[in-house]
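Reader: I have the sequence and the model open. Can we go through them in short steps? What should I look at first?

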Amino acid sequence: CIGTKFSSRWNDIMVDMALQAVLTVARPSSNNNSTTSSSNPYTHKMEVDIKRYAKVEKVPGGEISESRVLKGVMFNKDVTHSKMR
């Protein structure tokens, strides 16, 4: 819910991360019209495939204010044996 106390408290962080995530995974659309003006970046259609290129991952511990958008791949190592450290 957008109107909750939680979202109003963390609104700036959530909006910034959402915009940063979309801009990170946005790619030029494959069906762009070649007759559009290349000097105006707002005339180009962008494709955002969030199901393929974006994932929200909750890592235990930390605070919401420490949340970040990662550009790249995230690996999480689960320690299953004490000698793996």
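**Contacts, exposure and distances**

Reader: Which residues does Ser29 touch, not counting residues up to four places away in sequence?
Author: Contact means heavy atoms within 4.5 Å. Leave out the residues up to four places away in sequence from Ser29. The residues that Ser29 then touches are Lys45, Met46 and Glu47.

Reader: What kind of model is this?
Author: Residues are numbered from 1 along each chain, as its sequence is written. Local features need pLDDT of at least 70, side-chain atom pairs count only at pLDDT 80 or more, totals for chains, interfaces and linings use all residues, and side-chain values use heavy atoms, without hydrogens and water, in this predicted model.

Reader: In what order do the elements of the chain run?
Author: Helices are DSSP runs of H or I with at least four residues, strands are runs of E with at least two, and both are numbered from the N terminus. The chain has three helices and two strands. Read from the N terminus, the order is α-α-β-β-α.

Reader: Where is Ser29 found?
Author: Find the two strands. β1 covers 27-28 and β2 covers 46-47. Ser29 is in the loop between β1 and β2.

Reader: Is Ser29 buried or exposed?
Author: Buried means under 20% relative accessible area, exposed means over 50%, and partly exposed is in between (1.4 Å probe, protein chains only). Ser29 has 14% relative accessibility.

Reader: What share of the residues in the chain is buried?
Author: The chain has 85 residues. Among them, the buried share comes to 5%.

Reader: Is Asn31 buried or exposed?
Author: Asn31 sits in the loop between β1 and β2. Its relative accessible area is 59%. That is over 50%, so Asn31 counts as exposed.

Reader: How far apart are the C-alpha atoms of Asn31 and Glu47?
Author: Along the chain, Asn31 and Glu47 are 16 residues apart.

Reader: Why does Pro28 count as exposed?
Author: The cut-off for exposed is over 50%. Pro28 passes that cut-off, because its relative accessible area is 60%.

Reader: What is the relative accessibility of Ala18?
Author: Look in helix α2 for Ala18. This residue counts as partly exposed. The relative accessibility of Ala18 is 44%.

Reader: How far apart are Ala18 and Val69 in space, C-alpha to C-alpha?
Author: In sequence, Ala18 and Val69 are 51 residues apart. In space, C-alpha to C-alpha, the distance is 8.5 Å.

Reader: What share of the contacts with a separation of 6 or more comes from residues 24 or more positions apart?
Author: Take the contacts in the chain with a separation of 6 or more. Residues 24 or more positions apart account for 38%.

Reader: How far apart are the C-alpha atoms of Asn76 and Val59?
Author: Asn76 is in the segment after α3. With a relative accessible area of 55%, Asn76 is exposed. Asn76 and Val59 are 17 residues apart along the chain. Their C-alpha atoms are separated by 9.1 Å.

Reader: Over the ring of which residue does the charged end of Arg27 sit?
Author: A charge sits over a ring if NZ of Lys or CZ of Arg is within 6 Å of the ring centre and within 35 degrees of the ring normal. The charged end of Arg27 is 4.6 Å from the centre of the ring it sits over. That ring belongs to Tyr53.
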